[in-house]
Amino acid sequence: AIVACSGCGNSDFDAVKSYKNFLEDAKPSLQTMNRVREELMQVDSADDMLKKFRDELLPEVKKLSALAAEQETPEVKKLAKIHETLQSVLKKYSDSTEALVKELDAAKQDEDRERALVNWGEDDEKFGSGMASLVRDLERYLEQLRKG
């Protein structure tokens, strides 16, 4: 009876295993997105910047946001909250990056571009801190599971 029950009853571990697959699927887009965000700091020309945002960052952000939206929300309450926050953070970042690309495309003057970049930069900071917070929450949750 003990052996038969040793694996049962812990929906947290099953949810984590399932969620790990999602995280592994998301990893390439997240890594590419972070690389492009870093590269953007080195870009000098406004045209090169627009191209990098439009052709490299935006597609990865959209892919990541769609992946999170398609992922079934875990049934375990804490993991569900983490995932819903992730979906929200990615959606806001995707919307912000898409709006930036449109503004940069339409901008006729450097001041317009700079204003758009400053606004997006604030959203980028929120995204960065939101993701860092999510990672900490997920690590805390996993640590609690390990300790039982």
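This passage walks through the overall fold of the protein and then turns to one residue, Ser96. The model is a predicted one, in which local features need pLDDT of at least 70 and side-chain atom pairs count only at pLDDT 80 or more, while totals for chains, interfaces and linings use all residues. Residues are numbered from 1 along each chain as its sequence is written, and side-chain values use heavy atoms, with hydrogens and water left out.

The protein contains five helices and zero strands (DSSP runs numbered from the N terminus, with H or I over at least four residues for helices and E over at least two for strands). Along the sequence, the pattern reads α-α-α-α-α. The C-alpha trace spans about 75 × 20 × 20 Å along its principal axes. The radius of gyration is 19 Å, whereas a compact globule of 148 residues would have a value near 15 Å (taken over C-alpha atoms, the globule rule being 2.2 Å times the number of residues to the power 0.38).

Of the 148 residues, 34% count as buried (under 20% relative accessible area, with exposed meaning over 50% and partly exposed in between, for a 1.4 Å probe and protein chains only). Among contacts (heavy atoms within 4.5 Å) between residues at least 6 apart in sequence, 72% join residues at least 24 apart.

Ser96 sits in helix H4, which covers residues 77-106, and is buried, with a relative accessible area of 10%. Neighbours within four places in sequence left aside, Ser96 is in contact with Trp120 and Asp123.
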